[in-house]
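Open the model in your viewer and keep the selection tool at hand. We will go from stop to stop, and at each one you will hear what to pick and what to look for there.

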Amino acid sequence: PMATSEVDGYAIQNAILDIAVTDDLGKVWRGVVVDAAAGASGGVREVDIILGEDTNGDGIDDTLYQRLSWLWEASDYWSMDEEFDPTKDYDGDGIDTLTETLMGTDPFNPNDVLKITAFAHSGGTRTRTTESTAFALSFDAIGGHAYTVEEATDLKAKNWKPREFFLPGSDAPINVLSVPSGSGRSSSTIYLLPSNSTNAFFRIRAE
């Protein structure tokens with residue numbers, strides 16, 4: 001058991017916070033806070049993290065590695081001639097096993113992946129100014145995760161940049177949608193004001 005402790009430092013918006021703790025025996029335990037950007041700017045945030053042991057130094061705690069290995073062995077992708085690799089994309093949906101696990105989707109189900117499910121002009125059917133002139137973007141959000149939107153004008157150049165967006169019923173732009181833990185999975189819709197670019201491409205990122 002670890003006691004509550006204060007840490008001096010800061011987190012850049014949209015960044016993952018990696019925390020390391022050394023116990024009395026000199027063993028290092030690590031944990032990750034994925035929704036650090038949800039706190040108020042300049043404020044103090046209290047968070048709960050799970051610390052794990054990483055004996056082989058691969059950046060993945062042993063308990064998580066073992067759990068994913070068991071899930072792999074029980075899946076259709078297991079092979080007795082292959083060693084489990086959490087950086088591999090077994091289900092072929094374009095996202096590796098570890099990344100899918102951290103963002104809450106099933107790494108052994110090609111149909112369970114973070115994606116935009118709908119994108120269309122709202123057509124002036126909303127009462128708010130921002131919603132009547134904006135594009136509605138929908139995706140499935142999972143509790144305990146934070147989501148950002150990125151925009152690019154050239155897919156080959158991959159010049160992705162963060163994009164502000166609006167929540168339904170609000171005229172105040174935000175940078176991050178943080179979904180409380182225990183909320184489960186639900187369809188979320190956000191609004192984007194028209195881009196000044198001739199071409200615009202959007203994607204959702206989960207932390």
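Is Trp72 buried or exposed? Select Trp72: it is buried, with a relative accessible area of 2%. Buried here means under 20% relative accessible area, exposed means over 50% and partly exposed lies in between, with a 1.4 Å probe and protein chains only.

Before moving on, a note on the model: it is predicted, so local features need pLDDT of at least 70 and side-chain atom pairs count only at pLDDT 80 or more, while totals for chains, interfaces and linings use all residues. Residues are numbered from 1 along each chain as its sequence is written, and side-chain values use heavy atoms, with hydrogens and water left out.

**Stop 1: aromatic rings**

Rings of Phe, Tyr and Trp (its six-membered ring) pair if their centres lie within 6.5 Å; planes under 30 degrees apart are called stacked, over 60 edge-to-face, and the rest tilted. A search of the whole structure gives eight aromatic pairs. In one of them, the ring centres of Trp72 and Tyr90 are 5.6 Å apart with planes at 40°, so this pair is tilted. Trp72 sits in helix 1 (residues 62–73) and Tyr90 in the loop between helix 1 and helix 2, 18 residues apart. Helices (H or I, at least four residues) and strands (E, at least two) are DSSP runs, numbered from the N terminus. Now show Tyr65, Phe84 and Phe108 too: ring pairs link them with Trp72 and Tyr90 into a cluster.

**Stop 2: a proline in a loop**

Select Pro107, in the loop between helix 2 (97–102) and strand 4 (116–121). Pro107 is buried, at a relative accessible area of 6%. Beyond its neighbours within four places in sequence, Pro107 is in contact (heavy atoms within 4.5 Å) with Asp91, Thr97, Glu100 and Thr101.

**Stop 3**

How many bridges join strand 5 to strand 9? Eight bridges join strand 5 (residues 135–142) to strand 9, and five join strand 4 to strand 5. Zoom in on Phe135: this residue is the bridge partner of His121 and stands opposite Leu192 in strand 9. Further along, Phe139 stands opposite Ser188. Six of the eight residues of strand 5 are buried, so this strand is largely enclosed by the rest of the structure.

**Stop 3**

**Last stop: Ala152**

Finish at Ala152 in strand 6, which is buried at 0% relative accessibility. Ala152 and Ala200 are 48 residues apart in sequence but 5.8 Å apart in space, C-alpha to C-alpha.

Methods
Two strands pair if DSSP finds at least two bridges between them.
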